[in-house]
Amino acid sequence: MAALVNRGGSDDICHGGSLFSNLVDSSLLLSLSRNVDVYCSSRKRPRVTAPLAFRAEKKVAYKKQQPRSIDSLPDECLFEILRRLPGDKERSNSARVSKRWLMLLSSIRSSELGARKKSHVESGKKFLPDLNKNVLLDEQESENNGYLTRRLDAEEATDIRLASIALGTCSRGGLGKLFIQGSNSTRVTDVGLSAIAHACPALRVLSMWKVPLITDAGLSEIADGCPLLEKLDLCQCPLITDKGLVSVAKKCPNLTSLTIESCANICNEGLQVIGRSCPKLKSLTIKDCLHVGDQGIASLVSSASSCLERIKLQALNISDIVLAVIGHYGKNLIDLSLNGLQNVGEKGFWVMGNALGLQKLRSITINCCNGLTDKGLQAIAKGSPFLKQLFVRKSCYLSDAGLRSFAETARALENLHLEDCNRITLMGVLGALLTCNPELKSLVLVRCLGIRDIAFAPTQLPSCMSLRSLTIRDCPGVTGASLQVVGKICPQLQKLDLSGQVGVTDASLIPLIQSSEVGFVEVNLSGCVNLTDALVTMLVKAHGSTLKMLNLDGCKRITDQSLVAIADSCSVFDDLDLSCSSISDYGVAVLASARQLNLCTLSLASCSKVTDKSLPFLGNMGKSMVGLNLQHCSLISIHGIGLLEEKLWWCDIIS
């Protein structure tokens, strides 16, 4: 009080307007009414009159009465609350509240959960079910064992979507397989991948195609949270480097399959660590990785040789060294595919075969490898005594001599596929058939321009009693005489594919059709533009009891007469393609009236004579019809298609 009596300064009472001119910090006061009188001093703290104090207390009380939301808490506090939820079902339900809750829940690692259930083994107590509780089966929380599969395509793939999948599946059996098929605009980042890693510890399969924003950090999260990972596919992931691959190698020892395609920043180091740290690796596919060379592939193959069964290498900068290592260490190798290896020469194939390490090899594919020669192919046959399938495409130096020597050595061969091998002739093929394994079942010749008709048949013809399937596709030199020879040496044919053979006529095919002793099951004559109804009639009359599939796509001279013959003679028919033919509504009606037929798929695409009049007959084809192609049938109306779809609601109709 003495201070108030002996105060200094002016005795003025300020009325509202000049208040803030006498204050040191006006922001420290509550808002003042214009009619409130305040005692102001230039050197002393101002005193507020009673009306002002009353209003301030009233405002504070109003603030205290306002309800507070849990969302007003900072992320750190909300994180601590959410991580203490008792189970997966509660976390899944809480994730539906908002995106903020969803992302916070997805960021919680399994090791950070504060209310984890102790297992019965850890607690030492024997579990006894409570029979008094009536709990529905779908209400019980299932274990996160990885039973579920999820696929995301293009725009569906986002971080929010991945977080929703992670939390939504953990209480319903757990996510076991995740496939992300992205694009250049895919918005998936490490955040979404981390959500999967945190909530899906049972993830076994992860496939990511075209996800440009995923980095080593996201892949490392997967390695930390998904130690059971068995299969990893990475395609066009430009930000993933050896660092991410090393994380997977060190923390996922159960890895059995690895595919890396078009990942520009993956080099040799990551593959070396994979070889040392993943003893269960069985399948390896490396495609179009510019910085992967001999060191990475050779180190991986030699380290993981105890289990490695399948290797596929494509468009890599590797040399003969890799093939030599494969030939020496591939003792358990079953399937080998080499595609577009431009730096591999004849020596590489020769050493791979003569290393005698490919004793278990069953199938080999060699595509666009200029280093494959007759000598290399013969060495492969020598080093692979149990080889059953050979696929060779675009080999510039493989000749008849190499094919014959291979056939003589490969005594277990069952399937021979030659494509774009222009130095192979018909005499070379006949010579190989004469000396090959008597158990050869399939022969495929595609775009082999060196195969042409021969003026006379050789004196000694091979007998291929085991050959069941023959394909001669897009070989313009094959017409009449060649097919007559084939008919003489292959009496047990069941599958015949002559698609694209524009020079084939009725006369050239009749001997081949007549020579079959067991009956054709599948016949593909698409693109054989010179065939007529006479050949189809003879075919179905001779083999109608066994024929199941017939493809006449592009055979413009085929008319309703062929359908009449099919309806009369075929009993087990289920697949018929008449695209671009000359059939009409009458032929469709005859086909539909054949009650013994149970067609599953029928194609009438681009049949210009088929109109709306055919639709009632198509609607009566029966329950067996599951696929119907009516594309480019210009005389069929949209309204008619709609009515047909209503009647055949179970059938997939393409129009």
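Let me start with a rule: a patch is made of residues with over 30% relative accessible area and no salt bridge, with like charges joined within 9 Å and nonpolar side chains (Val, Leu, Ile, Met, Phe, Trp, Tyr) joined within 5 Å. Accessible areas come from the Shrake-Rupley method with a 1.4 Å probe, and for residues only the protein chains shown count as cover. The charge is placed at NZ of Lys, CZ of Arg, CG of Asp or CD of Glu.

Now the ground rules. This is a predicted model, where local features need pLDDT of at least 70, side-chain atom pairs count only at pLDDT 80 or more, and totals for chains, interfaces and linings use all residues. Residues are numbered from 1 along each chain as its sequence is written, and side-chain values use heavy atoms, with hydrogens and water left out.

So, the patch. Lys-360, Arg-362, Lys-388, Lys-441 and Arg-468 gather on the surface as a patch of positive charge. Take Arg-362. It sits in the loop between helix H14 (346-354) and strand E12 (363-367). Helices (H or I, at least four residues) and strands (E, at least two) are DSSP runs, numbered from the N terminus. Arg-362 is partly exposed, at 32% relative accessible area. Buried means under 20%, exposed over 50%, partly exposed in between, with a 1.4 Å probe and protein chains only.

Next, the whole chain. The secondary structure comes to 24 helices and 23 strands. There are 655 residues, and 49% of them count as buried. The chain exposes about 32000 Å², with carbon and sulfur atoms supplying 53% of that area. For contacts (heavy atoms within 4.5 Å), look at pairs at least 6 apart in sequence: 81% join residues at least 24 apart.

On to the salt bridges. Side chains of opposite charge can pair when their charged atoms come close. The rule here is a side-chain nitrogen of Lys or Arg within 4 Å of a carboxyl oxygen of Asp or Glu. How many salt bridges does this rule give? The count comes to nine.

Start with Arg-393 and Asp-420. Their closest N and O atoms are 3.9 Å apart. Arg-393 is in strand E13 (residues 389-393), and Asp-420 is in the loop between strand E14 (415-419) and helix H17 (426-435), 27 residues apart. Is Asp-420 buried or exposed? Asp-420 is buried, at 17% relative accessibility.

Asp-420 also forms a salt bridge with Arg-447, at 3.1 Å from N to O. Arg-447 lies in the loop between strand E15 (442-446) and strand E16 (469-473). Arg-447 is partly exposed, at 30%.

One further pair: Arg-473 and Asp-497, 3.2 Å from N to O. Arg-473 is in strand E16 and Asp-497 in strand E17 (residues 495-497), 24 residues apart. Arg-473 is partly exposed at 30% relative accessibility, whereas Asp-497 is buried at 12%. As for shared partners, salt bridges join Arg-393, Glu-419, Asp-420 and Arg-447 into one network.

Last, two buried spots. Helix H12 (residues 294-303) has buried residues Gly-296, Ile-297, Ala-298, Ser-299, Leu-300 and Val-301. Their cover includes helix H11 (268-277), strand E9 (283-287), strand E10 (310-314) and helix H13 (320-329).

Then Leu-113, in the loop between helix H5 (99-106) and helix H6 (120-123). Leu-113 is buried, at 17% relative accessible area. Setting aside residues up to four places away in sequence, Leu-113 touches Arg-83, Arg-91 and Ile-108.

How values were computed: Lys and Arg count as positive and Asp and Glu as negative; His and the chain ends are not counted.
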